[in-house]
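Here's a quick briefing to read alongside the model.

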Amino acid sequence: MTLDVFLNWLEKNNISLRNGISIAETPEGGISVRSNCDEPILHPQTVASIPKSSILSVRSCSLRKHIPWAPYGHGAVLSLSLALYSEMLKGAGSRWYPYLQSLPSTPVPIARLWGDPRAFPDDADSEEAARWIQGTEIQRELQDEDGSPLRDEAYAFHKSEVQPLLDSMDLNASLHGFLHAYSLVCSRAFLVDTFHGLSMVPVADAFNHAHENHVQLASEFHVCPVCGSLSECPHDREDVPTQDADTPSSDSPSSDTVDMVTVRSIPPRAEIFNTYGADLGNASLLARYGFALEGGEMDVVTFGWPGSGIILDDDHDQRVFRAVCARAEEEVGTILGQSALIYTQGEEERNVRPLTINSDAQASVGLFVWAVWTAVSEGPHPELEGATDSETLPVLLPFLRRVATVLVQLESLREMADGAEEFEIPDDLACQLLEGTTEALASLCRTRIAGMGKKDYRGASAEVLGDVLDNLPLQYRKSRLALEYLLSERALLEACAAGWEETRACLSGNSIGGNDSDMEP
């Protein structure tokens, strides 16, 4: 199909682009959005407007009465994948056919499907790439909170929902075809509103990703969840029975659109970029979209998930731990903010990933709390004898303040000493706990490194892995991305471990005062 057919379909469906904006084919066979203007497009502007009547969702597809609808999460991805796949199988009989022809004709190489012969048959590169991402942040992206592979959920959904439904419609379905649709949804779908939920949005998915993006998606999110109406509708009245949401509301105003709006001015004759997530690191980009960005400015290493090296035992421990981390940020955050080894998180990041190493190889306050917790739990503290971990955690704050103070003092004294061999820190207990803290953090990083990558190369030096990377066949693009990511994550862990090992060595090699040798916090 030529690009002209797709552009004609856009016009027929009242999907508009601002003057001077065009969709162009890329050398790789995809499409992108560009400015053809000789002058900057000044912010604010709407560069594309897509009526919601033209988007493809579970609520708008031809099999909407038969597909289970999920508002968010992986369930929404699976349901939309079925909706999309059913339209793909209809071919020219689908009202989205020209749009579907503009999408990649083979599965997108997302890391979620690496190593799956049903998605990438006879693909040695895919199998090799899957081996190299074991134990990395990408593995976290491939599983749910319990550690179950998302791929297994996709297989189960195909068996229970996809194949029976499409067989009953005499559509020639296959697992390979469904995984193709799944890869498209993972890499291109948007959360539109409370009616459509996760959706395929023509033109919006043509914008490529950059952290320094020019545009973002804007949509009236809070519409009637029953019929999709933006204006007042019968479902707003409590005395009117709720009807099934068979089709989007026919009386929705034409102004109800999904728009691509600027967040900054667009340079002359430049590609126009969206963002798929302002804080997405390369692990997320590889798992969901199949590409990575140079620099790794958003890359982090997280813990607290199955296979990461830290697991909090149950929901109670997780709630208590998050509460202690929040208190720690409030009470000792100012002290820890003076340390070069630790960074403070915003509330949103702390709630999502409290146990983190950032792109500067600094440990989060939450990770520091975990390490002090570990040191206190393992130490000979009479007042905590017989206490469980969950009982130790709430009484941790006095210890945290002393350990944080000693850490900052040590860093400051090391700078002031300027080569002096010894200096004194007069808090015996805090120094002992800090030593245990540094050991816990360094050991955590080294253990994570030892479990990463292809089985026969775990623990191999970066130089050895670099040689493997240099000798990969040129066509092994997935394996190259996997190895490059592995080396990048290892470098973060190595740098973090080295910082805490240096601190521990400094503690071991200097005198410690004894005026606070009691075991009270």
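**The big picture**

Of the 521 residues in the protein, 52% are buried. Keep in mind that this is a predicted model. The chain has 16 helices and 15 strands. If you take the contacts between residues at least 6 apart in sequence, 73% of them join residues at least 24 apart.

**The nonpolar core**

- The largest nonpolar core has 149 residues, and the members that touch the most others are Trp114, Leu367, Phe368, Trp370 and Trp500.
- Helix α16, residues 477-508, is the top contributor to this core, giving 13 residues.
- Leaving out residues up to four places away in sequence, Phe368 touches Leu336, Ile342, Leu400, Val403, Ala404, Leu407, Thr437 and Trp500.

**The second largest pocket**

- This pocket has a volume of about 1,300 Å³.
- It is lined by 40 residues, and those closest to its centre are Arg140, Glu145, Trp305, Val352 and Arg353.
- By residue class, the lining splits into 17 charged, 15 nonpolar and eight polar residues.

**The four-stranded sheet**

- This is an open sheet with the order β1-β4-β10-β9 and antiparallel pairing.
- β1 and β4 (residues 46-51) run antiparallel and are joined by two bridges.
- The partners in those bridges are Leu17 with Ala48 of β4, and Ser16 with Ser49 of β4.
- On to the next pair: β4 and β10 (residues 257-262) are antiparallel too, with five bridges between them.
- Within that pairing, Thr46 sits opposite Val261 in β10.
- β4 is largely enclosed by the rest of the structure, because five of its six residues are buried.

**The three-stranded sheet**

- Here the order is β5-β7-β6, again an open sheet with antiparallel pairing.
- The edge strands, β5 (56-57) and β6, each pair on one side only.
- Two bridges hold the antiparallel pair β5 and β7, and in this pairing Leu56 stands opposite Met200 of β7.

**Two residues from that sheet**

- Met200 belongs to strand β7, residues 198-200.
- Its relative accessible area is 0%, so Met200 counts as buried.
- Met200 and Leu184 are 16 residues apart in sequence, with their C-alpha atoms 9.0 Å apart in space.
- Beyond residues up to four places away in sequence, Met200 touches Ile55, Leu56, Leu80, Leu84, Tyr99, Leu103, Leu184, Val185, Arg188, Ala189 and Asp205.
- Phe190 is part of strand β6, residues 190-191.
- Phe190 is buried as well, because its relative accessibility is 14%, under the 20% cut-off.
- The C-alpha atoms of Phe190 and Ser57 are separated by 10.0 Å, though the two residues are 133 apart along the chain.
- With residues up to four places away in sequence set aside, Phe190 touches Gly197, Leu198, Ser199, Val201, Ala204, Asp205, Leu217 and Asn274.

- The peptide bond joining His43 and Pro44 is cis, with omega at about 5 degrees.
- You'll find Pro44 in the loop between β3 (31-35) and β4.
- Asp122 is not a glycine, yet it has a positive phi of about 55 degrees.
- Asp122 lies in the loop between α3 (97-101) and α4 (124-132), and it is exposed because its relative accessible area is 83%.
- Ala361 isn't a glycine either, and its phi is positive at about 65 degrees.
- Look for Ala361 in the loop between β14 (356-357) and β15 (363-364).
- At 12% relative accessibility, Ala361 falls in the buried class.

Notes. Residues numbered from 1 in each chain as written. Predicted model: local features only at pLDDT ≥ 70, side-chain atom pairs only at ≥ 80, totals over all residues. Heavy atoms only, no water. 1 Å grid on protein atoms, 1.4 Å probe; cavity = no way out; pocket = protein on both sides within 12 Å on 5 of 7 lines; lining within 4 Å. Points joined across faces, edges and corners; volume = space filled by probe spheres on them. Nonpolar A, V, L, I, M, F, W, Y, C, P; charged D, E, K, R; others polar. Pairing = 2+ DSSP bridges. Buried < 20%, exposed > 50% of the residue type's maximum accessible area, 1.4 Å probe, protein only. Core = buried A, V, L, I, M, F, W, Y, C linked by side-chain atoms within 4.5 Å. Contact = heavy atoms within 4.5 Å.
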